[in-house]
Amino acid sequence: MKVYFDNAATTKLREEVIEVMMEAMNSSYGNPSSSHSFGRTSRALIESSRKEIAKHLNVNPQEIVFTSCGTESNNSILRSAIDFLDVKTIITSKIEHYAILNVVDFLKTKKIRVEYVNIDDDGNIDLEHLRSLAKIDDSKKIVSLMYVNNEIGNILDLAEVSQICQENSVLFHTDAVQAIGHFKIDLKQIKIDFLSASAHKFHGPKGVGFSYIRKNVLSEAFILGGQQERGLRAGTEAVHNIVGMSKALSISYNNLEKEFIHIKELKSYFVSKLKRIFPNTFFNGNSDNSIKNSYLIINVALPISSSKIDLLNFQLDLKGIACSKGSACQSGAALGSHVIKNIESKSNWPSLRFSFSSYNTFKEIDYLMETLRSFEKI
Ligand code: PLP
């Protein structure tokens, strides 16, 4: 049996997505920048995909810029804020994805001030601290905080952060890679300047993502070359990927209610079964809080010795079960998860992240639990 519980790492492509991508590859190979009919066909596909994506976020299609992935979106947004918008201070947290943390570390070497907002023991952003950081001096600032944490699934209060940023004339970027396609977001209701998204996290293809860039916020190119993407990001567009991303997003949002209920039930089933096997299981972050946590992610510290975690991972893999380590300490050797290290955790206990999708079943959870139960007896 093969069981995939690593959907925060990447997701399976939906059949319908593969179909539209195949169709685009077979019949729309013209360069979208060419003025002949082949080019115009490709251009039309790109623009209808942009419209479709914009509709789901309630934004203007011109505010969607296609990129190659979430990492590119994060890099280009932060670097553009420094290069073109005169930003001198970045406010972020220590539990962001490395696609933010490493960019921020690099920008520190360029004399950019970086402030890390405090987080509580469960990994929640201290909004009062954020408010004080937003006023720390007169420099131009950007706040970059992720919407849903990829390791512990904590959800940011986007509306409140947006409010704090507006009150203090601070730009706001959110890395929404783990949220887009899984949570409804209306950018007319919540003012955000920049947002990053990635197709492979919502059953779309790898190698494509998008940035939402609020109208009139940025007009300089972050990749130089041709005039693609309104001159902001040069390079011939990956038509098939863009079409696949738009299809994947539409299916995700059209099925959201139904899939949400199924996955939420799977997660509660997982929690109750796991508690029976390991009654002392510690849930990292807000993992077992159904309101403050993503329904897709659960991060558990298991009451077993660190020396046994490699054996457990080996056992899970042997049984065809995929999850993610996300451990604070892997056999005392590897660096482990920076997120777990920055929050309260049973630090000697190894942590595992399980992340679900609508393709998962209750039977798969039973199978996982049987594997864990037999392991517990070793
Ligand atoms: N940001 C978050 C929160 C992520 O989870 C990921 C991927 O794991 C990324 C950024 C990077 O996205 P991509 O794989 O599309 O570069």
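Buried here means under 20% relative accessible area, exposed means over 50%, and partly exposed is anything in between (1.4 Å probe, protein chains only). What you're looking at is a predicted model: local features need pLDDT of at least 70, side-chain atom pairs count only at pLDDT 80 or more, and totals for chains, interfaces and linings use all residues. Residues are numbered from 1 along each chain as its sequence is written, and side-chain values use heavy atoms, with hydrogens and water left out.

View 1. Glu47 forms a salt bridge with Arg43, and the closest N and O atoms are 2.9 Å apart. (A salt bridge is a side-chain nitrogen of Lys or Arg within 4 Å of a carboxyl oxygen of Asp or Glu.) Because they sit four residues apart in helix H2 (residues 37-57), Glu47 and Arg43 are separated by about one helical turn. (Helices, H or I with at least four residues, and strands, E with at least two, are DSSP runs numbered from the N terminus.) Glu47 also meets the side chain of Arg50 in a salt bridge, at 2.8 Å from N to O. That pair is three residues apart in H2, again about one turn of the helix.

**View 2. Lys141 with Asp137.** Another of the contacts is here: the structure holds 19 salt bridges, and in this one the side chains of Lys141 and Asp137 meet at 3.3 Å, N to O.

View 3. Strand S7 (residues 194-198) has five of its five residues buried, so it is largely enclosed by the rest of the structure. In a regular strand, side chains alternate between the two faces of the sheet. Both faces of S7 are covered, with Phe194, Ser196 and Ser198 buried on one side and Leu195 and Ala197 buried on the other. S7 pairs in the parallel sense with strand S6 (residues 171-175) over three bridges; strands pair if DSSP finds at least two bridges between them. Five bridges join S7 to strand S8 (residues 209-213), and these two run antiparallel. Ser196 of S7 is a handy landmark: it is the bridge partner of Asp175, and its own bridge partner in S8 is Ser211.

**View 4. Tyr253 beside Lys184.** Look for Tyr253 in helix H7 (residues 239-254). At 6% relative accessibility, Tyr253 counts as buried. The C-alpha atoms of Tyr253 and Lys184 are separated by 7.5 Å, though the two are 69 residues apart along the chain.

**View 5. A nonpolar surface patch.** Ile18, Met22 and Met25 make a nonpolar surface patch of about 260 Å². (Patch residues have over 30% relative accessible area and no salt bridge; nonpolar side chains, meaning Val, Leu, Ile, Met, Phe, Trp and Tyr, are joined within 5 Å, and like charges within 9 Å. Areas come from the Shrake-Rupley method with a 1.4 Å probe; for residues, only the protein chains shown count as cover.) Met25 lies in helix H1 (residues 15-27), and it is partly exposed, with a relative accessible area of 43%.
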